[in-house]
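Subject: Structure handover

Hi,

Here is the structure we talked about. Please load it first, then read my notes below.

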Amino acid sequence: MNGAEGGEAMMNQAGQEEGLTNGQALRLDLYFWLQALVMALIALILVFTFVGRVVGVDGSSMEPTLRDGDMVLLQSIGYQPRQHDVVVLTKPFGKVNGPIVKRVIAVGGQHVAIDYDAGTVTVDGEILEEPYLNEAMERPPEGSLRTITEVTVPEGSIFVMGDNRNHSDDSRNELLGVVDERYVLGQVIAVVLPLSDFGLLE
């Protein structure tokens with residue numbers, strides 16, 4: 001459509017609207033708004049069907065990567081856990097019943113060894129480079145249930161830890177341990193709220 005044709009179409013539409021009564025014009029406006037609303041709902045349904053869902057972060061165990069109260073978008077459909085991914089789990093343990101956010105340290109078949117004296121986590125004999133940590137890892141306090149320091153992860157399971165390593169109950173906790181992949185809701189791919197942190201997860 002060239003400029004002249006576009007201008008003519010707009011004039012015809014304006015002429016049609018001028019010929020409508022107030023009631024008819026209102027119904028026409030409502031129809032266009034309803035169309036826009038339906039399209040927006042369809043887009044949301046597609047996002048939640050093919051991408052995942054939105055989940056809130058509860059607690060400080062993933063600082064500085066994620067903070068308490070952050071709202072994150074998950075990829076759920078077709079997701080397979082991989083080392084270093086940030087995931088949301090639903091496995092209850094201790095007093096925890098809601099979704100929890102952790103980082104995948106190892107997947108099925110990998111061997112994990114934690115050395116508190118050196119402050120390192122080793123997977124299959126290689127020390128992990130962990131620039132995402134909040135602070136250097138320290139030995140858990142006396143009485144802590146974070147007693148697991150070495151394990152070979154069974155197939156179909158994952159070993160997870162928080163980035164705020166000294167304030168995270170994770171797979172080191174004997175009540176949680178390694179986590180069956182069926183408890184994984186999905187991978188965190190983006191922060192949606194607060195808007196100041198909006199964007200893809202690095």
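**The enclosed strand**

Start with strand E9, residues 157-161: five of its five residues are buried, so the strand is largely enclosed by the rest of the structure. Buried here means under 20% relative accessible area, exposed means over 50%, and partly exposed is in between, with a 1.4 Å probe and protein chains only. Strands (E, at least two residues) and helices (H or I, at least four) are DSSP runs, numbered from the N terminus.

Before going on, note that this is a predicted model: local features need pLDDT of at least 70, side-chain atom pairs count only at pLDDT 80 or more, and totals for chains, interfaces and linings use all residues. Residues are numbered from 1 along each chain as its sequence is written, and side-chain values use heavy atoms, with hydrogens and water left out.

Back to E9. Ser157, Phe159 and Met161 point one way, Ile158 and Val160 the other way, and all are buried.

**Neighbours of E9**

Two strands count as paired if DSSP finds at least two bridges between them. E9 pairs with strand E4 (residues 100-107) in the antiparallel sense, over four bridges. Within that pairing, Phe159 is the bridge partner of Ala106. E9 also pairs with strand E10 (residues 179-180), again antiparallel, over two bridges. There, Ser157 stands opposite Asp180.

**Strand E3**

Strand E3 (residues 86-89) is another one to look at. Val86 and Val88 point one way from E3, Val87 and Leu89 the other way, and all are buried. Four bridges join E3 to E4, and the two run antiparallel. Val86 stands opposite Arg103 in E4. E3 is also joined to strand E11 (residues 184-193), by three bridges and antiparallel. Leu89 has Val184 as its bridge partner in E11.

**The open sheet**

Four strands form an open sheet in the order E7-E6-E5-E8, with antiparallel pairing. Its edge strands are E7 (126-127) and E8 (150-152), and each pairs on one side only. Strand E5 (residues 111-115) and E8 pair over three bridges. Val112 stands opposite Val151 in E8.

**The chain as a whole**

The protein chain has two helices and twelve strands. Of its 202 residues, 35% count as buried. A contact means heavy atoms within 4.5 Å. Of the contacts with a separation of 6 or more, 61% are between residues 24 or more positions apart. The chain exposes about 12,100 Å², and carbon and sulfur atoms supply 57% of that. Areas come from the Shrake-Rupley method with a 1.4 Å probe; for residues, only the protein chains shown count as cover.

**Pockets**

The search uses a 1 Å grid over the protein atoms alone: a pocket is an open set of points where a 1.4 Å probe fits, with protein on both sides within 12 Å along at least five of seven lines, and lining residues have an atom within 4 Å of a point. Points are joined across faces, edges and corners, and a volume is the space filled by probe spheres set on them.

The largest pocket has a volume of about 300 Å³. It is lined by 20 residues; Ser61, Val96, Ile100, Lys102 and Asp169 lie nearest its centre. E4 gives the most to this lining, with three residues. The lining divides into nine nonpolar, seven polar and four charged residues. Nonpolar covers Ala, Val, Leu, Ile, Met, Phe, Trp, Tyr, Cys and Pro; charged covers Asp, Glu, Lys and Arg; the others, Gly among them, are polar.

The second largest pocket holds about 230 Å³ of space. Of its 14 lining residues, Pro64, Thr65, Leu200, Leu201 and Glu202 are the closest to its centre.

**Backbone points to check**

The peptide bond from Glu63 to Pro64 is cis, with omega near 5°. Pro64 lies in the loop between strands E1 (54-56) and E2 (71-75). A cis bond also joins Leu193 and Pro194, with omega about 0°.

His84 is not a glycine, yet has a positive phi of about 85°. His84 is partly exposed, at 34% relative accessibility.

Best wishes
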